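I opened my notebook beside the model and went through it one topic at a time. Here are my entries, in the order I made them.

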Amino acid sequence: MSQNMADIAAGRLSAAEYADNFTDLHTPLDDHQALIEADRCYFCDGAPCTTACPTGIDIPMFIRQISTGNPKGAAATILRDNIMGGMCARVCPTETLCEEVCVRNDAENKPVKIGQLQRFATDKLFAAGAQIFKKGADTGKRVAVVGGGPAGLSCAHALARQGHAVTVFEAHDKLGGLNEYGIASYKTVNNFAQHEVDYILGVGGITVEHGKRLGDNVILGQLRSDYDAVFLGLGLGAVNALSLEGEDLAGVLDAVAYIADLRQAKDLAKLPVGRRIVVIGGGMTAIDIAVQTKRLGAEDVTLVYRRGREHMKASAYEQELAQTSGVKIKYSAKPARLLGEGGHVRAVEFEYTQAHAKGERFTLEADMVFKAIGQKFVAGPVTGGNDVLELEGARIAVNNERRTSLPDVWAGGDCIAGGQDLTVAGVEDGKIAAASIDRFLRGDTE
Amino acid sequence: MADIRSEFLGIKSPNPFWLASAPPTDKEYNVVRAFRAGWGGVVWKTLGEDPPIVNINGPRYGAIYGGDRRLLGFNNVELISDRPLDLNLREIKQVKRDWPDRAIVVSLMVPCEEAAWKRILPLVEDTGADGIELNFGCPHGMSERGMGSAVGQVPEYVEMVARWCKQNTRMPVIVKLTPNITDVRFPARAAQQGGADAVSLINTINSIMAIDLDRMAPSPHTDGKGTHGGFCGPAVKPIALNMVAEIARDPETSGLPISAIGGITTWRDAVEFMALGAGNVQVCTAAMAYGFRIVEDMVEGLKNWMDEKSYARLDDFVGLAVPNVTNWQYLNLNYVVKARIDQDACIKCGRCYVACEDTSHQAISNAKDGHRHFEVIDAECVGCNLCASVCPVENCITMEPMTGGTDPRTGQPVVKEYANWTTHPNNPNRVAAE
C-alpha cells in the first residue's frame with residue numbers, strides 16, 4: 001500500500017467477529033441473577049437513587065416488585081415515571097446517577113445494579129407484549145409535537161394518556177431520535193429503539209407525520225394556529241467545527257453522521273472504516289465513535305481530548321470501556337492542523353495543553369478523523385418570522401415547566417438551555433412539559 | 001486447647017454434636033459417613049415394630065427461603081424408619097462395634113402398650129447402643145395411629161411410657177418432646193416423674209410451607225393434596241431456645257439433663273443452647289442442607305470460642321445463661337435505654353427512620369441542614385430496639401443505657417434502684433415494696 005493512499009476498507013472482519021463485537025454490551029440478568037441482585041436493595045426511605053434519577057423513578061419500589069415476583073408491577077412503576085425506562089436502563093450513565101448514590105456504596109463499595117434490574121423488569125414487560133397504558137378520554141384538544149426523540153415521544157405519550165390528540169412531526173424516517181440514530185449500537189441491540197417506539201405509540205391517540213422538518217415544511221406560526229399547544233423537541237441539528245486548516249479534507253468526518261450510518265447499516269461488513277482512526281473530543285459521542293470504529297476492525301484508534309481525564313464528559317466507566325476495547329486515549333492535547341495528501345487527510349498534528357509540555361506538538365497518522373467536539377442547536381426555525389423564541393446560551397430558554405417565551409409553546413430535550421444532553425433528561429422534560437400543557441389546556445390556573 | 005469431649009447421661013462422645021433422629025441417621029451408610037466426617041454421635045432414626053411403615057411416594061420435604069434462596073426452614077412428612085426392624089438392629093450393632101468412641105442412641109416409637117415396649121427394648125439393648133430416645137414428637141403420620149406427638153401431647157402418657165421403659169431397660173432413657181403443645185413444662189415434668197434420664201427438644205412444628213396458587217393446594221403436594229408436616233431449621237431456633245429455657249429454669253425440672261434440638265446450624269447456635277442448660281445438641285436440617293462436613297467448623301469454632309473465653313470444658317459454660325432468663329414482671333423498669341446511631345457507620349438508608357416514623361414513636365429525625373441525616377430524638381425514644389433491628393449495618397445503632405439524669409421522654413429521674421411491675425403503682429395486684 002502506498003504511503004499517500006488512505007487505508008479505508010469495508011469487510012475487515014469475519015461475520016462472526018462483527019456479530020461478537022456488536023452484541024449486547026451487558027448480558028441481561030436472568031431470573032435468578034435478578035432475584036439475587038434485587039435482594040441487595042435495602043428499600044431505603046427517601047431513597048437517594050430516586051432523588052438522583054432525573055425522572056424520579058421509585059427505584060426501591062420497582063426492585064422490591066422484582067423480588068416479590070411482580071415484574072409487571074416493577075415495569076409499570078418504572079414506565080409511569082419514565083416511558084423510556086427500557087432505553088434508559090441501557091444508556092443512562094447510572095454510575096453518575098442512581099448507582100453513584102446507592103447506600104451500598106457506603107456499605108461495601110458496590111451499588112445495587114439498578115440499571116440492569118430496570119432492564120430486567122422492562123424487558124419482561126415488552127417480551128410479554130403487555131400494554132399497561134391507555135389513552136385518556138378525548139379532551140378535544142390538539143397538540144403538535146415537533147421532533148420524535150426522547151423528549152417529544154415522552155411528551156406525546158403523557159399527553160395522549162391525558163386524552164389530548166397529538167401529532168408528532170418527525171424529519172427522519174424513524175422515530176426515536178438519538179436512541180435510533182445516535183447511541184452506540186452494542187447498547188441497544190435487536191432494534192430495541194423501534195420496539196420501544198412501538199410500545200409508546202401503542203397507547204393510541206398519537207399521529208406521526210414523517211419527513212416534516214421545522215423551518216422547512218413545517219412552520220412554527222402555522223402549528224401555533226393549527227394546534228392548541230406546541231412542544232418542541234428539536235434536538236441539536238448541527239455539529240461544532242474544529243475551524244482548522246485541512247478540516248475540509250476527505251476523510252475528516254462528523255462522528256454523529258457516521259454513527260447514524262452505522263446504526264442504520266443492514267450489514268456492518270459493508271461499512272468502510274479506516275485502519276488508523278483519530279477521534280477528537282471527550283464526550284459520549286467521542287467514546288461511541290472510537291469504540292465502534294475499533295469494533296468495526298480499525299487497527300489503531302486514538303481518542304484525543306484537550307483536557308485532563310477528570311474533565312472528560314464521558315464517565316470513568318465509558319473511558320474504561322474505550323480502553324478495554326483497545327482505544328488509546330490521549331489527554332491534554334488539542335488539534336493544531338490536519339495534514340492531507342491528494343485531497344485526503346493523512347495525519348493530525350496536536351499541541352499539548354498541559355502546563356509542562358505546553359506548545360509541544362506531536363502528529364498522529366490517520367486514515368479517518370472523526371470530529372466529536374459537540375453539537376449545536378440550529379436556532380433559525382424558531383427565531384425567524386413572527387414567532388420568535390427567546391434563547392439562552394444559543395439554546396431555547398424555558399422556565400421550570402419547560403415553557404418558552406411564547407405562551408402556547410413548550411420545549412425540552414437537548415434543544416433547551418441548561419439540559420444535560422441525556423436521554424433520561426429529555427424524557428423528564430417531555431413529562432414536565434406535558435403536565436404543564438395539560439394544565440394549560442384544561443384552563444387550570446397555575 | 002479447650003476440651004470438648006462430652007458426657008451426657010454417662011454416654012461419651014468426642015464432641016457434643018450429635019445428629020438427630022431423622023433421615024441422615026436411617027442406615028449404616030449415612031451414619032458411617034457422619035462419623036467419618038467427625039460427628040460425635042447419632043440418634044438413630046426411629047425404629048418401630050414390623051411390618052415397617054410405608055412412606056408416601058410423593059415429595060416429603062418443603063422449604064422456606066430467605067434472600068438468595070438461603071434455606072430458612074424445612075418441613076417434612078417422612079415417617080419413622082421404613083426398613084425392617086432386624087436390618088436396623090444389625091446395622092446399629094455393627095456401627096457401634098466399629099465406632100466405639102461415638103455415641104449411638106436409638107430412637108423408638110411403638111404402640112402405647114407396655115408389651116410393645118417390653119418386646120423392643122431387649123432387642124435394642126442387644127445392639128450395644130448407648131441409650132434410647134422416645135419419639136413422642138413426630139407430628140404427622142404416626143400421631144394419627146396414637147403414637148408420636150399423640151403421646152407427647154398428653155403428659156400422663158409421657159410419664160407412663162417413660163416409666164415402662166425405665167422399668168424394662170438398663171439403658172438411659174431420653175424423652176423427645178413435641179413443641180405442638182401449650183406449655184412444654186408439663187410433658188417435661190411428666191417425663192421426669194416417669195423416671196426419664198433426660199429430655200430432648202424440640203421435635204418439629206406442625207406447618208404448611210406454602211400454597212401453590214395455581215393448584216390452590218399446599219406445596220409440595222402429592223397428587224394435588226398436601227398435609228401438615230414438621231417444621232425445622234434455622235427458623236425454629238428461637239422457639240426451641242425458649243422451650244429449652246422454660247424447662248431449664250422450671251424449679252420442678254431444674255437439673256434434668258437436656259439434649260437441645262431446633263435449628264442448630266453453627267457452633268454458635270450450639271453454644272447458645274448449651275448456655276441455656278443443654279448438655280449437648282442434636283442437628284439435622286443443617287446437615288441435610290449442607291452435608292456432614294459442617295461439623296468440622298462446629299468443632300473448631302466451639303474450641304476457638306472456648307479458648308477465647310477461657311472455658312476449659314463444656315461444663316464450664318453449660319447453663320450460665322439460665323439465671324438471666326426471667327419473667328416479664330421481673331424486668332427492671334428503671335433500666336432506661338436510648339438508641340444511638342453511629343454516624344460514621346450509618347449508610348443513610350433511612351430504614352430506622354421510616355420504621356420508627358410509620359410504626360412506632362416518631363423518635364428519629366431524617367434531615368439536618370437540608371441533608372439526609374438520621375438522629376434519635378431522646379424525648380420520644382422508648383428504647384424499643386426496632387431501629388437497631390431493621391438497620392442493615394451491624395452495630396450502627398446501639399441501645400445505650402442512661403446512667404443518671406432525667407429521661408427526657410418521661411421527665412422522670414433515672415435511678416439505679418431495681419424496680420419491677422410487681423411493685424408498680426399501676427399494677428392492681430401489686431405487692432408492697434420492701
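**Entry 1: where the chains meet**

I began with the contact between the chains, which takes nine residues from chain A and 13 residues from chain B. I kept in mind throughout that this is a predicted model. Which elements of chain A give two or more residues to the side that touches chain B? I found helix 2 (31–39) and helix 7 (104–108) of chain A. I then sorted that side of chain A by class and noted five nonpolar, one polar and three charged residues.

**Entry 2: domains of chain A**

I looked up the division of chain A next: domain 1 covers 31–128, domain 2 covers 142–237 + 377–441, and domain 3 covers 239–375. I noted 30 Å between the centres of domain 2 and domain 3 of chain A, taken over C-alpha atoms. The contact takes six residues from domain 2 of chain A and nine residues from domain 3 of chain A.

**Entry 3: a sheet in chain A**

In what order do the five strands of the open sheet in chain A lie? I read it as 7-15-9-10-11, with parallel pairing. Strand 7 (252–254) and strand 11 (328–330) of chain A are the edge strands, since each pairs on one side only. From one strand to the next, the twist averages 25°.

Strand 7 of chain A runs parallel to strand 15 (residues 368–372) of chain A, and three bridges join them. Within this pair, I found Val252(A) opposite Val369(A) in strand 15 of chain A. I also noted that helix 14 (residues 284–295) of chain A packs on the sheet. Helix 14 of chain A touches strand 9 (276–281), strand 10 (300–304) and strand 15 of chain A. The direction of helix 14 makes about 170° with that of strand 9 of chain A.

**Entry 4: chain B as a whole**

I turned to chain B and found 12 helices and 20 strands in its secondary structure. How does the radius of gyration of chain B sit beside the globule rule for 434 residues? I noted 25 Å, close to the 22 Å that the rule gives, so chain B is as compact as a globular protein of that length. The C-alpha trace of chain B spans about 75 × 60 × 50 Å along its principal axes. Of its 434 residues, 44% count as buried. I also checked contacts with a separation of 6 or more in chain B: residues 24 or more positions apart account for 71% of them.

The domain assignment gives chain B a domain 1 (6–324) and a domain 2 (328–423). Their centres, taken over C-alpha atoms, are separated by 40 Å.

**Entry 5: strand 9 of chain B**

Strand 8 (residues 131–135) of chain B pairs with strand 9 of chain B in the parallel sense over four bridges. Strand 10 (residues 198–201) of chain B also runs parallel to strand 9 of chain B, joined by three bridges.

Most residues other than glycine have a negative phi, and most peptide bonds are trans.

- I found a cis peptide bond from Asp50(B) to Pro51(B), with omega near -5°. Pro51(B) is in the loop between strand 4 (41–47) and strand 5 (61–65) of chain B.
- Ser219(B) and Pro220(B) are also joined by a cis peptide bond, with omega about 0°. I placed Pro220(B) in the loop between strand 13 (217–219) and strand 14 (229–232) of chain B.
- Phe43(A) is not a glycine, yet has a positive phi of about 55°. I located Phe43(A) in the loop between helix 2 and helix 3 (48–52) of chain A. Phe43(A) counts as partly exposed, because it has 16 C-beta neighbours inside 10 Å.
- Arg69(B) has a positive phi too, near 55°. Arg69(B) lies in the loop between strand 5 and strand 6 (71–76) of chain B. With 12 other C-beta atoms within 10 Å, Arg69(B) is exposed.

Terms used. Residues numbered from 1 in each chain as written. Chains lettered and ligands numbered in written order. Predicted model: local features only at pLDDT ≥ 70, side-chain atom pairs only at ≥ 80, totals over all residues. Pairing = 2+ DSSP bridges. Axes fitted to C-alpha atoms, helices over the stretch in contact; angles between N-to-C directions. Contact = placed C-beta atoms within 7 Å. Nonpolar A, V, L, I, M, F, W, Y, C, P; charged D, E, K, R; others polar. Domains from an automatic or database assignment. Rg over C-alpha atoms; globule rule 2.2 N^0.38 Å. Buried ≥ 20, exposed ≤ 12 C-beta atoms within 10 Å, placed from the backbone.
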